[in-house]
Amino acid sequence: MPIDQDGLLTASVEALESVEEDLRLRLGSHAAHAVVAGMTLLCAERGEPWLEQCAQSPHVARRANDLVSGHLADTLATLGFDAAFDELHRRNLNDQAVHRIARILLDIEPAHRLAVANRVVSRAADPSVGAFTVPTELAELGGRVAAAMLPASKDDTTPQMRIGFDPCVGCGEMIAGLGRVVTRSPGDFSAYGYARSAETLAIARTSVALTGVSPDGLRLGEWLTQPSVAAPDFHYLVSAIEATPWRRLEPWVSNELDLPALPRSSDSSLLYLAAIARCISERPQSVAVVLVNSAALTVGPANTGDAQLRRFIAETGVLNAVVTLPGGLFERTSMAPTMVVLRHPSPGTNNDSFRLVDARDLAQRTDRRRPSLSPEDIQLIVNALSDSNGVPHSVVPTSLLAQDGRWRIPPVTRRLHSTSSTATDVVEEERLVDLCEILPGRNRVDKDASDAHRERIVRAEDIGQELTPWSELKRSTPRKASSVEVLPGDIIGSISPPYGRWSLVPDGYGPTFASDHTLVLRARRPLSMRYLLGYLRSEGAKGYLVRMFRGTIPRLDRDQLAELPVTHCPLPANYLDDVLSGYDAEVARLEAEIGQLRHRVDDIYRGASSVEIAARIDGLHGITASLRSLENLNGALRIAKASFPYPISRTLRAIDRTRSPRERYHEVVHQGLETISTVLTVVSAATARARALSGKSMKNWAGQVARSGATIGAQRAMFTEAARAVLSFGSAADLGGIGQALGDATSPAVVAFEQLLVERNRIHGDYPRSDYEFQQRLAHAEGAMAELLDGLSFLARWELRYAESIEPIEGTDGQPDFSGRFALLRGDNPDWNMADQVSERPLYRGRVYALVDQRELVDLHPYLLVRDCPQCGAKEVYHPDSFGSTEANLKSLDRGHSQTCTDEWILKSLREAFTAFS
C-alpha cells in the first residue's frame, strides 16, 4: 500500500520529521537525521515486541544497532548512527526522543513500517541533509508504468525472473518502487544499478532490501564511465536523472559514448537519456521509464547539442510515450519533471509516433512544501499510457518534433482532463517563456527621493485591475545594470499572492522601473498582450499559479512560470486586441452606468420638498421595471435577439412567444434551424463571391436552388465548405469571422448545427407524438440551439442594411462617392432604424448589404432581397428558394407570405449569381 493512500501514514512521516526538527536545534542537522532515520530503521527491523520495549524503557535502544548486520548495519554506519546516538545520550535527550519515535511507529500497521522507514531514510526534513531523493509516489508511478508497458509474466501462474536496472540509483527509490510492483514471489526479481557515492549506495541497498529484494546488484560508480556503458540484460529500466554538470566525465563521454553531440555542460540528463535509448534499441523485450527535468527536453535552439541529442533519441525508434508532470513534486526544485517512456518496438512494428499525456493539472498540495500525486492521479496516468480507448491522450508523429529544428519533446501539449484526440489537433498550447521574456524587477523605493525627476517604481501593491496612475507612483532608486524598465504593452505581475495579480502597462505610461517583488512579461514576437493578460487572470491559470507558490512566505517561482501553458489562439494579434479592448470598454461603460444608477438613491434625499422626494421614488420604480427586461445580459439568446441579423432575431422572438412544448419544439427545430441555415448560406455565398471561391458543395447547392430548391443539408455542406476555403487563405482573409466559426468540423457551431439537423430529420418515422415526448426532446434541442447561437456570435459583426436611397456625391479625392440611406436589418425590431453610409464603390437602391466589422460593405444581392408583399403590402425579407427560366420562388424570412417573382431583372441577377458557382 503506498503511504500516501492512507492519511495516517503521511501523518506518521510528518510526525517523525517534527521530532527531527526538534533535535536539530540540539544536535545539528546531520546528527538529528541520523538519530531519527536510524531509530526508524531499527524499529522496523526488530519488530513489535522490541518496539514496545523501547516505548516503555527507551534505554534498551542505545546499543540495538549491535544486533543488526548486513545492509542495515552499513546504512547505520553511513548515517553515523553510533556517534549521533552517543551525543543524544550525553545531552540526556535519548529517552524522550526514543519514546516519541516508538510511540509514533506503534500507531502504524507492522506491514507499513518498512515503507515509512524507507521514506524517512531517503527524505530529510532539512534540504541540507541527504542526497537527491525521489518522492515515494513518483517511484510508485515509475514502477507501475514500467510494469504496464511490459507485463511481468505472460502466465500469472508461472514465475518468471525479471531484471530491473537503474543507471543513476540515487537513494534507491525508483528501483525499490519497481521491486514492490513487479515482485510476485521471493527471488523472481533482481535489482541492479550504479550509485555515485558510498552514502547513497548504502541507503539505496537498505531501501531495496526493505522491499524483500536482494540489493547485491547495486554498485558504486558512474554508469556513463563504465566500459561501453555496461548494463545487464534488463527487462525494466527505471531512473530519475538529476540535472548535474558533466564536464568531469568529459574524457569518458567523448571516447566511450559515441553520441552525435554533447549537451549543455550544466546538465547531464540528455547524456543519460541518449545512452538509455541506445540500450533499449539493442534489447528486445525491454522498457525504460525515466524522469528528467523538462528543460532538458525543450530548451535550446536548433542545431545545438541539446537539439541534436533529442533528435538522436527520437530517431532510435524507441520513444513510446511522454508524460508532462506538475512542477514542485521534488523536494528541492520547483522544475516540472517529465516522464519519458522508451520501449523496444515489437516485431513488425515501427515506432513512428508516441503517446503524449499532459498531467500538469494533477497533484494536490499535501503540505506547505510540495504537491503530490494521489493514488487516483497515478491510476489515471497509467491508464492513459496503457489504454487505447477512452482515456485522454494525444498521439504525436515523431516527425512533428523536427518542424522547428529544435526537436523538443514534447513539441506541444494537451491536458489530461481533455478528451481523446489525434495528432491533427494537438497544437493548442505554448509555453509562456516561448511567448515572452520573463524579467524580474530589481529596483526599490527611494526613501530619500532627492531627485524630483527620477523614474517611478511599480510595486506589488500598485498592481490591480489597473495599474496605479503614473503620477501617484513612488520614486525609484537609481537605474542599475539589472534594472527592468516597464514599457507600454508589457504585462507586470506580483510574485506574491493573491494569484492573478497582473496588469497591462497602458500607452503613455511614464518612465518606470519594476520593483524586486514583480515580474515583467515582454512579448518576443507579435502577440496580443490583452489576450495573454486575460489568460493570466483566468481561473485555469490561477489554479496553475497556486501550485507554483512555494515557501513559508509564498513566492511565485520564475522557472515554473516559464513553463505555464498558454492556450493558443489562431486569430491575428491586432484583431484580438481590438475585440478585447472594445469588450473591456463596453463593460466599463456599463459599470459606470450602474454606478450612476446607485447614485439615484442618494438623489432622493436631495429633494427640496416631500412632493419632489415622492416623485424621485416613483422614478426609481420606473427604472426598476425597465431593468427587469435586461435579465441574462450574457445569455446567447439575448445577445442574438439584440445584435444578430433581423431574420434570426425575429425567429427567436417567435420562439419566446410559443405557448406549448409542441409549438416551441417546432419553432426551435424547424423554423429556427431553417432561418439560421438560410442566413448562414446567404453570408457564405456573398463571401465566396467576394473572395472568388468555388467548390463541389457550393456547386451542388447552386444547382439545387436552380432546380427545385436546396435542402438544409445542402446548405450546411455549402457554408462549411465556403468557410474552410476562407480559412485556408489565413485568418487575415476571414471575412467577419465566418471561417473561424464554421471552417472546422469540430467547432461548437458546426457540432450544434449537426445535432439540430439530426433532430429535425427524425420527422421521418421518429417524430415526437405526446406532450411528454415533445418536452423531453425539446430540452436537448434548446441546449443545442443555445450552443449554436453562442458559436455563431460572429453574426453580430454582420450588420444587414437595406438601401432605401442612394445618391452620388463628390469624394474627398475629387472622385465620385456614393451616399446611401439605409434601414438596419438588425435585432428584434420590426421598425428598422435608419443610418447613413458613404462608399467609394457604387451602391444600388433596393439592395441588401452587410457592413462587416463596421469597415467592409458586402453586397448580398440577390441572395437576400427586400420586397413588398403582394398580399399585405408590407416590406419583407426574402431569399430565393428556387428559380427557373421564367420565375423565381421567393421565400419570406419574416415568417410572412412567400411570392413568385417574374421580374426579369431579378431573374437575370439570380442566373448570374448562381452560375458563378458552377
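Which residue with a positive phi follows α14? That residue is G317, and its phi is near 80 degrees. Let's look around from there.

This is a predicted model, where local features need pLDDT of at least 70 and side-chain atom pairs count only at pLDDT 80 or more, while totals for chains, interfaces and linings use all residues. Residues are numbered from 1 along each chain as its sequence is written, and side-chain values use heavy atoms, with hydrogens and water left out.

**The whole protein**

The protein has 30 helices and 30 strands. Both are DSSP runs numbered from the N terminus: helices are H or I with at least four residues, strands are E with at least two. Of the 918 residues, 52% are buried. Buried means under 20% relative accessible area, exposed means over 50%, and partly exposed is in between (1.4 Å probe, protein chains only). The accessible surface comes to about 41,300 Å², and carbon and sulfur atoms own 49% of that; the areas come from the Shrake-Rupley method with a 1.4 Å probe. Now take contacts (heavy atoms within 4.5 Å). Among those between residues at least 6 apart in sequence, 70% join residues at least 24 apart.

**Helix α14**

Back to α14, which spans residues 305–315 and is mostly covered, with eight of its 11 residues buried. Those buried residues are G305, D306, A307, L309, R310, F312, I313 and A314. What lies over them includes α12 (269–282), α13 (294–298) and β7 (337–343).

**Aromatic rings**

Searching the whole structure turns up 14 aromatic pairs. Rings of Phe, Tyr and Trp (its six-membered ring) pair if their centres lie within 6.5 Å; planes under 30 degrees apart count as stacked, over 60 as edge-to-face and the rest as tilted. Two of the pairs look like this:

| Pair | Type | Centre to centre | Angle between planes |
|---|---|---|---|
| F165 and F234 | stacked | 5.8 Å | 15 degrees |
| Y767 and F774 | edge-to-face | 5.7 Å | 80 degrees |

Y272 is in helix α12. Is Y272 buried or exposed? Y272 has a relative accessible area of 0%, so Y272 is buried. Not counting residues up to four places away in sequence, Y272 touches P167, C168, R196, E222, W223, L224 and I241.

**The second largest pocket**

At least two lining residues come from each of β18 (502–504), α17 (529–536) and α20 (573–604), and α17 gives the most, with six.
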